[in-house]
Amino acid sequence: MPRRWNEIDWDEDRPGQKKLVASQKTLAWERVPLSDPALDRYLEQVAATHVHGGYLISRWRAVEYSDTTAWFMSRNRLDEYDLLRVFFSSKVVRKGLAELQVPRKLKRGLFEEQWAGSLCLDGSLAGVIVDGGAYEAYKGPAREAKALAAAAVEALTQNRFADFRVDVSEVAWTPWFHDIAWDHTFVLTDFANAELTVLCITDTD
């Protein structure tokens with residue numbers, strides 16, 4: 001059984017470049033069902049505030065990977081491993097996210113690790129609906145939006161904050177986005193379960 005992504009052997013040397021490249025080629029993913037009433041309530045507000053765009057969300061688990069992959073993941077060296085490019089280049093992922101129209105060649109620097117990761121995620125998600133899209137914004141008080149977002153984050157992470165890294169992008173990195181002012185991508189990496197959750201949001205006027 002592959003080593004978990006949150007298990008570190010500090011005495012293990014860094015794998016060489018050949019092993020890194022080989023591990024990227026053998027990394028395999030499968031889609032994981034993602035449904036929770038609290039998450040659904042938050043996403044209903046995303047749909048209501050981004051009426052000419054919308055959202056896409058999915059979760060994926062690494063079902064085959066080498067100890068080399070685990071070496072980089074356990075040390076939070078995702079950028080060095082180029083995990084997001086490898087993930088979005090997977091045929092299975094691209095087929096499952098066909099609507100997203102992921103380009104075959106992804107540019108580096110599209111995503112940045114969010115400061116404090118999942119600890120700040122509820123605020124970021126609340127801001128998406130409070131700021132709203134082109135024509136609509138959350139109609140209730142901001143504290144309600146924050147509570148909705150916090151419940152959604154709990155559904156996504158079970159409040160296992162230390163197990164998660166969050167990467168974000170505010171650019172239209174695929175043709176699915178409308179590339180005006182309301183593009184958001186959140187990628188949650190769950191080191192405990194070797195899973196990635198992708199949430200994309202867009203709107204247009």
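1. A salt bridge here is a side-chain nitrogen of Lys or Arg within 4 Å of a carboxyl oxygen of Asp or Glu. By that rule, arginine 165 and aspartate 167 are joined by their side chains at 2.7 Å, N to O. Both are buried (under 20% relative accessible area; exposed is over 50%, partly exposed in between; 1.4 Å probe, protein chains only): arginine 165 has a relative accessible area of 3%, and aspartate 167 has 2%.

2. This is a predicted model, in which local features need pLDDT of at least 70 and side-chain atom pairs count only at pLDDT 80 or more, while totals for chains, interfaces and linings use all residues. Residues are numbered from 1 along each chain as its sequence is written, and side-chain values use heavy atoms, with hydrogens and water left out.

3. Arginine 165 also forms a salt bridge with glutamate 113 (3.4 Å, N to O). That pair links strand 4, which holds arginine 165, to strand 3, which holds glutamate 113, across 52 residues. Strands (E, at least two residues) and helices (H or I, at least four) are DSSP runs numbered from the N terminus. Glutamate 113 is partly exposed, at 42% relative accessibility.

4. The whole structure has 16 salt bridges. In one of them, glutamate 195 meets arginine 61, with the closest N and O atoms 2.5 Å apart. Glutamate 195 is in strand 6 and arginine 61 in strand 2 (residues 54-64), so the pair ties together parts 134 residues apart in sequence. Glutamate 195 is buried at 5% relative accessibility, whereas arginine 61 is partly exposed at 30%.

5. Strand 5 (residues 184-190) is largely enclosed by the rest of the structure, because 7 of its 7 residues are buried. His184, Phe186, Leu188 and Asp190 point one way, and Thr185, Val187 and Thr189 the other. Two strands pair if DSSP finds at least two bridges between them. Strand 5 runs antiparallel to strand 4, with 6 bridges, and pairs in the antiparallel sense with strand 6 (residues 195-202) over 7 bridges. Phenylalanine 186 has leucine 199 of strand 6 as its bridge partner.

6. The largest pocket holds about 300 Å³ of space. A pocket is an open set of points on a 1 Å grid over the protein atoms alone, where a 1.4 Å probe fits, with protein on both sides within 12 Å along at least five of seven lines; lining residues have an atom within 4 Å of a point. Of its 16 lining residues, Asp79, Asp82, Leu84, Arg108 and Gly109 are the closest to the centre. Helix 5 (83-89) is among the elements that supply at least two lining residues, and gives the most, with 3.

Methods: Points joined across faces, edges and corners; volume = space filled by probe spheres on them.
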